[in-house]
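Q: I would like to learn how to read salt bridges in a model. Can you take me through it step by step?

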Amino acid sequence: MDSINFIKGYGKVQDLELQHQSPNPNTNTQKKPLVTAVSILAILFLSLTLGAMFGVLVHMAASDPPDLPSSSNSAVHDTDSVIKAVCNVTRYPDSCFSSITSLCSSSQKLTDPEAIFKLSLRVSIAELSNFKNTMISNSNQGAAFADCQSQIEDAVSRLNDSVVAMEVCSGREKVLTEAKIGDLRTWISAAMTDQETCLDGLEETGSTALDEVKTKIKKSQEYTSNCLAILANIHTLLRNFNVPLH
């Protein structure tokens with residue numbers, strides 16, 4: 001009897017252990033909706049995140065600088081619009097545009113910022129040379145006036161050096177290089193300083209010709225400033241027109 005009771009008792013223990021180890025079907029049923037809800041929320045969050053990132057990328061791709069035509073459509077721009085885009089980087093875009101377009105023939109097509117920069121140098125040299133000739137005809141105005149005349153001659157010389165530096169003797173030589181850009185920046189800056197020194201000397205000596213000189217030198221100062229601004233932005237302009245230094 002004791003053996004029979006022991007066996008029966010052992011069977012009950014096994015039944016209790018099996019009940020304890022068996023997963024509760026109701027628990028699994030409760031967990032499934034929770035897992036499904038979390039998965040749906042994760043998918044929605046991922047979709048919203050990707051959508052926002054895509055929107056930002058589209059906006060960045062569409063946001064080209066308003067004043068500079070992008071490289072993809074620069075070829076369809078006429079000469080005037082290209083010159084205007086280049087001149088928009090200067091302090092005096094109106095004088096820059098009108099002076100450069102006056103040198104272009106109706107059949108001439110300009111889509112190269114380097115060529116436009118070179119024209120801006122020629123404009124500045126022409127205006128400064130005219131001013132120099134005016135000073136020569138009035139060279140009896142005193143020592144300060146003579147010093148001013150010397151400064152203007154030096155400015156013209158520096159701008160001429162800039163044009164010469166952009167001349168190429170062979171197909172392998174570039175119109176502009178990093179070294180040339182550095183030299184040009186130095187020479188054009190010096191030409192601007194020469195003009196300012198001219199006016200400072202007349203002002204310090206109380207020259208009666210100061211107002212007249214200020215009026216006549218105004219355009220040449222603007223044109224020289226335009227040259228320096230275009231040169232300072234030449235890398236951006238070339239990149240925007242998809243043109244390398246050449």
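A: Start with exposure. Buried means under 20% relative accessible area, exposed means over 50%, and partly exposed lies in between. Keep in mind that this model is predicted.

Q: Is glutamate 167 buried, partly exposed or exposed?
A: Glutamate 167 has 36% relative accessibility, so it counts as partly exposed.

Q: How many salt bridges does the structure hold?
A: It holds six. One of them joins the side chains of glutamate 167 and lysine 118, at 3.1 Å from N to O. Glutamate 167 sits in the loop between α6 (143-165) and α7 (178-204), while lysine 118 belongs to helix α5 (residues 113-136). The two are 49 residues apart, so this pair links distant parts of the chain.

Q: Is lysine 118 buried or exposed?
A: Lysine 118 is buried, at 18% relative accessibility.

Q: Which salt bridge does arginine 122 form?
A: Arginine 122 pairs with glutamate 167, and their closest N and O atoms are 3.7 Å apart. Arginine 122 is in helix α5 and glutamate 167 in the loop between α6 and α7, so the pair ties together parts 45 residues apart in sequence. Arginine 122 is partly exposed, at 40%. Lys118, Arg122 and Glu167 are linked in a network of salt bridges.

Q: Where do lysine 216 and glutamate 212 lie?
A: Both lie in helix α8 (residues 210-232), four residues apart, about one turn of the helix. Lysine 216 is partly exposed, at 33%. Glutamate 212 is partly exposed too, at 43%.

Definitions and conventions. Residues are numbered from 1 along each chain as its sequence is written. This is a predicted model: local features need pLDDT of at least 70, side-chain atom pairs count only at pLDDT 80 or more; totals for chains, interfaces and linings use all residues. Side-chain values use heavy atoms; hydrogens and water are left out. A salt bridge is a side-chain nitrogen of Lys or Arg within 4 Å of a carboxyl oxygen of Asp or Glu. Buried means under 20% relative accessible area, exposed over 50%, partly exposed in between (1.4 Å probe, protein chains only).
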